[in-house]
Amino acid sequence: MTENTTTMVATEATMSLVGISKYYSGVAALMDVSFDVRPGEVHALLGENGAGKSTLMNVASGTTQPDTGTITISGQTLEELTPSLASSLGIAIVHQHPAVLPDLTVAENIRLAVPSRFLDGTGSRREAMQAMLDDVGSSAHLEDRVGSLSIAQKHLLELAKALVMKPKVLILDEPTAPLGQDSVQLLFDRVRTAAAAGTAIVYITHRLAEVRELADRVTVLRDGKYRGTMEVAAITDDELLTLIVGRQLESTFPPKHHSTEGTGTYLSIARLTGPGFADISVQAQTGEIVGVAGVVGNGQSDLMAALAGLAKFEGSITVHSQERSAKDLRERAAYMPADRHREGLMMTLSVRENAAVVALQRFVRSFFMSSKEEVSTVGRELTELSVKAPNMDANVASLSGGNQQKVVMARALLSEPALVVADEPTQGVDVGARAEIYRILREVAEDGTPVVVNSSDAKELEGLCDRVIVMSRGRVVAELVGEEVTEARIVAAAVSATAHGSADAQQVKTTTRRSTRLSRFLQGDYSPVAILAIVMLALGAYVFSQNDRYLTAFNTTAIQGLVAALGFIAMGQTIALMTGGIDLSVGPLSGFLVVIASFFIGVDSAFGQIALGFILMLLAAVITGGLNGFLIRYGRFTPVAATLAVYIGLQGLSYVLRDGPEGIINADVMALIKTKVGPIPVAFIALVIFAFLLEGALRYTRWGLTLRAVGSDEEAARRVGVHVNRTVLLAYLSVSLCVFLGAILLMAQIGIGDPSQGANFTLTSITAVVLGGTSLLGGRGTFIGTLLGAGLIIQVLNATTFLGLDQWSTYFFQGILIVIAAIVYSQVRGRRAVV
């Protein structure tokens, strides 16, 4: 950058980053990088995967803290930038991997990420949110679960959240990668409009054509270092490519296959029909690469899933004269999915483990895995694909998007497949790596393995494929071969096939599955509530038919009292599970609190002493919750390890204080706690009210949104401004406060300080929460479901007594209920609403 330019930037830049460096475990991601963007300009940021582009923009948006350097926004130099502060300063970012929460609905994602002032206008907030989606061409319903959306719809949601805030600085990281042509043009229009209104736009892309169409200036990073900034009009594509890769790049596409007579057919697809597509037929000669084209959402990805054996189909798929069933294809086809995060990678495993997982049989020597052979073979494949990683044992989540895609491809090739099915294989991949992927795919085809590629980039299909089928409404509308495979003809076939009247447009919708009110309910949090209610009514009716004493006032009162104690503790467990954690200490904590009470709330205790006892119980609960939260967030313990350690400590303390049942609880206090309104205990009424209050807070307050956001996707939650550490710490404090309430009821039930009591609440509270439909993975659930889950557990215990069954039967039925609940809930929620 010239001296004059630097002076101008200092006075005119909306955002200026100077001398930014960032290191991860001693490895430099950025080294002394400077970058700026001015009002009303589109500044493109280019570089290979791993060059540092996304890291630099994470610094700019507050997601990542730099080790050195300064950040200046509108003339204000900031000592520290957080996502929430960045948002308040007018910085919005559309991440390459959308910062959306899969377990929340579209509306909840918007409420969490977009300040309310941007949703307040002449109409309702719901109308404002719908207008946001319409503005970017999204067809998602506000009540759709985001996890059920296609990757393109997730990107459009991310874009809508950014644009509605009319930011001073808009950062777009690979925004067109998953989008179809119509959505791309709509995006370009929105970018131009925003720039014309004075927004400073940073545009990260691997597509030079987009740079030419949109950008005013371009900056190139390579290997974490600044390589230059220049006006787009003043540099050629070849010069840009040389800056990006550090060398002269040969032709992006390898030479196509030159067919000769007698090569034979190595792939034949005949009248293939399945969900989203129908009557697909194509044949490929040995060495040919088959491309699949069309407007996004017209059955291409459905077809690719069927070719990989992941969807049912009718018709035939023949590879090398052998017809393959779906089972054969699942075992022998290598599938490279478009959504690498959700379908392509196991994000908690290492690079080596992800690459080797489907090829483990190759490394077996005399019944044992050969680690040496695995490391050698996987390392060779990763080297050939130029995967940039600190080492093979690095977590795959730490890699850039493009390098993650290369790991997916390495796994596909290591499996020695009979067929390669690549769905958007170069999405989010840089120019240099893209050329390498094209070369590998061509070599695979030339070696005799059929390759089918679906891409929304017609230029890519032109350069790579020997034969292209164009799809519309799930059917082939054109087949192009040899010289016919051109970008113009591919686009023309797709556009002419979709340019029909409204009747045909209705048919298109059959291939793009839309959510219905029923599907949204089934995938929602309240479907388990309905199922539980039916089960409880059916069980109650059956037991009553066998023993008419079941519904006596005495028995129903006893059931409600037991539900109240378990229910409060289970409410706390729900909060812990909602964050993606768990609290094993709830059982011993409840018993420990009763032991404390036995010293102060005794038979002859004065009012002051009784009050002190309750205060000490509350204090002990708060200390326990704080300790759990601290160990998990700051001690870096897993939730299981942290709360198990506290479990053991509390159980030990209980026995130190009381080595057996001692200390009778004050009868007046117990009577007060057991107060009834008719046959209904006041404690049970309080539990029901408490459950509904928590449910309302979970759905309609920021506390509830942040709680579920952290459990749904912690990194995405952090990106949208959630204080993760604070949220988890408060969650575990809330858990202990719920246990405190449950312990008060337990105290009234057992009436004595018994150190052996309470521990069983750990397992039963988890059981109640699981039966209520709360996910063990976090992010979704309901307090109403937990209330019914606790009720069902007590009902089963009570029913076995009235039916004359033994204790073994009680545990058996509880286990059966959990298994059935897990199966039913997974099946109900596993259906995708929107594709």
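Residues are numbered from 1 along each chain as its sequence is written, and side-chain values use heavy atoms, with hydrogens and water left out.

**Confidence**

pLDDT is the predictor's confidence in each residue, from 0 to 100. Its mean over the chain is 85. Of the residues, 92% reach 70 or more. Residues 1-11 stay under 50. For that stretch the model has 12 contacts (heavy atoms within 4.5 Å) beyond four places in sequence. Residues 831-835 are also below 50, with 25 contacts beyond near neighbours in sequence. Where pLDDT is low, the predicted coordinates should not be read in detail.

**Overall build**

The chain holds 33 helices and 26 strands. These are DSSP runs, numbered from the N terminus: helices are H or I with at least four residues, strands are E with at least two. Along the principal axes, the C-alpha atoms fill a box of roughly 95 × 70 × 65 Å. Among contacts between residues at least 6 apart in sequence, 73% join residues at least 24 apart.

Buried residues make up 56% of the 835. Buried means under 20% relative accessible area, exposed over 50%, and partly exposed in between (1.4 Å probe, protein chains only). The chain exposes about 34,800 Å², and carbon and sulfur atoms supply 59% of it. Areas come from the Shrake-Rupley method with a 1.4 Å probe; for residues, only the protein chains shown count as cover.

There are 67 positive and 77 negative side chains. Lys and Arg count as positive, Asp and Glu as negative; His and the chain ends are not counted. The centres of the two sets lie 4 Å apart. Each charge is placed at NZ of Lys, CZ of Arg, CG of Asp or CD of Glu.

**Helix α2**

Helix α2 spans residues 53-60. Seven of its eight residues are buried, so the rest of the structure largely encloses it. Among the buried ones are K53, L56 and M57. Just after α2, G62 takes a positive phi of about 90°.

**Single residues**

| Residue | Relative accessible area | Class |
|---|---|---|
| Q523 | 7% | buried |
| G602 | 10% | buried |
| D223 | 45% | partly exposed |
| K166 | 69% | exposed |

Q523 belongs to helix α20 (residues 517-523). Its C-alpha atom is separated by 9.1 Å from that of S148, 375 residues away along the chain.

G602 lies in the loop between α23 (586-600) and α24 (607-633). Leaving aside neighbours within four places in sequence, G602 contacts I664, I665 and N666. V669 is 67 residues from G602 in sequence and 9.2 Å away, C-alpha to C-alpha.

Most residues other than glycine have a negative phi. K166 has a positive phi of about 45° although it is not a glycine. K166 lies in the loop between α6 (151-163) and β7 (169-173). D223 also has a positive phi, near 55°. The loop between β9 (217-222) and β10 (225-231) holds D223.

Terms used: Predicted model: local features only at pLDDT ≥ 70, side-chain atom pairs only at ≥ 80, totals over all residues.
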